[in-house]
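Take a walk through this model.

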Amino acid sequence: MTNEGTGNANDQPQPYQANPYGPNPSDFLSNVNNFQLIDSTLREGEQFANSFFSTEKKIEIAKALDDFGVDYIELTSPVASEQSRKDCEAICKLGLKAKILTHIRCHLDDARVAVETGVDGVDVVIGTSKFLRQYSHGKDMNYIAKSAIEVIEFVKSKGIEIRFSSEDSFRSDLVDLLNIYKTVSKIGVNRVGIADTVGCANPRQVYELVRTLKTVVNCDIECHFHNDTGCAIGNAYCALEAGARLIDVCVLGIGERNGIVPLSGLMARMIVAAPKYVKSKYKLHKIRDLENLVAEAVEVNIPFNNPITGFCAFTHKAGIHAKAILANPSTYEILDPHDFGMKRYIHFANRLTGWNAIKSRVDQLNLALTDDQVKEVTTKIKNLGDVRPLNIDDVDSIIKDFHTTVNTPMMKARRMSDSEEPLDITTEQPNAKKAKK
């Protein structure tokens, strides 16, 4: 970004300043400023414990994802069930801008069904770790390579995109991985995929594997990260730094077990790293509606600490924080709530509040108090906050009562002259005894 002058003749252009939160300049393969999203809410998300999407709900979600701007929408395999196949066909007929993918096993029978649904691409996956080879499909690497070549060549013959991914990549033998990726790259896949199926990887491991993989393939790299150990977003960012281009995401991060990279969480990370790219490509203000749609469908609440949409994501409570936020929001905000159609909130109804926050509330109530008076009423609010929880009505009542008190004129008693007689309090007539005389 550049610092622009004020328009004065003496202003000189300021030197270019790199984004300190962006990719490292040494990451010459980085795709932080050129990434794509594959949303898997209608595939991985269907594996979430609470998920059941009707055809109508799937169509509604697909349209909302397309409106947001995701590059790809991934659907459940059409061989999973008869209704899954029909749903896949229905979504393919919507004419969305996003490309429609379906996710299948590395098996020719699955591929034949998939290409008949009208999808734009097929995502092929097979387990390559010793765990999956022994306890899942029971095949060796030679069988995997042979099956992969067969399926890839068939899908390519139909003129649609093809991605080959290993499953449980980070617990697979590196030599086995590189050999199979090199093989499928030579055949001409559009993408190869890395999957942290059990969420065991850390950002350093991700960076190293992606950089290594870049040396043996000449196609794009897609990454799929589970969040079992809390590293999904960090892993996704490091993958992009290392040269991966596509990241699998889900709305609210729903998926098998505790899910994968959440859409809003990744957008929070990426708008800091690549603000111009993110703002130009995705309708960020649609995130809240998109999450509400999915949260209602799977009957969960949006977590209080959810990036961007959590109910306190842009709430400031501490007095020192509030003072700085009121002066310059960037002091305690790396994200601008307005970018997401949100607003910040100063939580002033508590014993931690500061007088600057209360002064702001006084102004909102269109009341006039001096700074000293605001500090005095702030003390009253903090004292009550030490006794019990406060709400906005409590604070407003204290402020209004205090304002009334300090602005009510004081009545001064008038001193009587010697010629005046005192009034009877009851009758307001001259003293009765004197009157009889």
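Thr 55, Lys 58, Ile 59 and Ala 62 in helix H1 meet Gln 83, Asp 87, Ala 90 and Ile 91 in helix H2. Contact here means heavy atoms within 4.5 Å. These contact residues divide into four nonpolar, two polar and two charged. Ala, Val, Leu, Ile, Met, Phe, Trp, Tyr, Cys and Pro count as nonpolar, Asp, Glu, Lys and Arg as charged, and the others, Gly among them, as polar.

The model is predicted: local features need pLDDT of at least 70, side-chain atom pairs count only at pLDDT 80 or more, and totals for chains, interfaces and linings use all residues. Numbering starts from 1 along each chain as its sequence is written, and side-chain values use heavy atoms, without hydrogens and water.

H1 spans residues 55–68, and its axis comes within 10 Å of the H2 axis, crossing at roughly 40°. Axes are lines fitted to C-alpha atoms, for helices over the stretch in contact, with angles from 0 to 180 degrees between N-to-C directions. The crossing is right-handed (the near helix is turned clockwise from the far one by less than a right angle). Helices (H or I, at least four residues) and strands (E, at least two) are DSSP runs, numbered from the N terminus.

Now the strands. Eight of them form a closed barrel, S1-S2-S3-S4-S5-S6-S7-S8, with parallel pairing (pairing takes at least two DSSP bridges between two strands). The twist averages 25° from one strand to the next. S6 (residues 191–196) and S7 (residues 220–225) pair over six bridges. Ala 195 has His 224 in S7 as its bridge partner.

Helices lie across these strands. H5 (residues 141–157) lies across S4 and S5, at about 160° to S5. H8 (residues 232–242) lies across S6, S7 and S8, at about 170° to S7.

Finally, the lining of the largest cavity includes Lys 58, Asp 87 and Ile 91. H2 gives the most to that lining, with four residues. A cavity is a set of points on a 1 Å grid over the protein atoms alone where a 1.4 Å probe fits but cannot get out; lining residues have an atom within 4 Å of a point.

Methods:
On a 1 Å grid over the protein atoms alone, a cavity is a set of points where a 1.4 Å probe fits but cannot get out, and a pocket is an open set with protein on both sides within 12 Å along at least five of seven lines; lining residues have an atom within 4 Å of a point.
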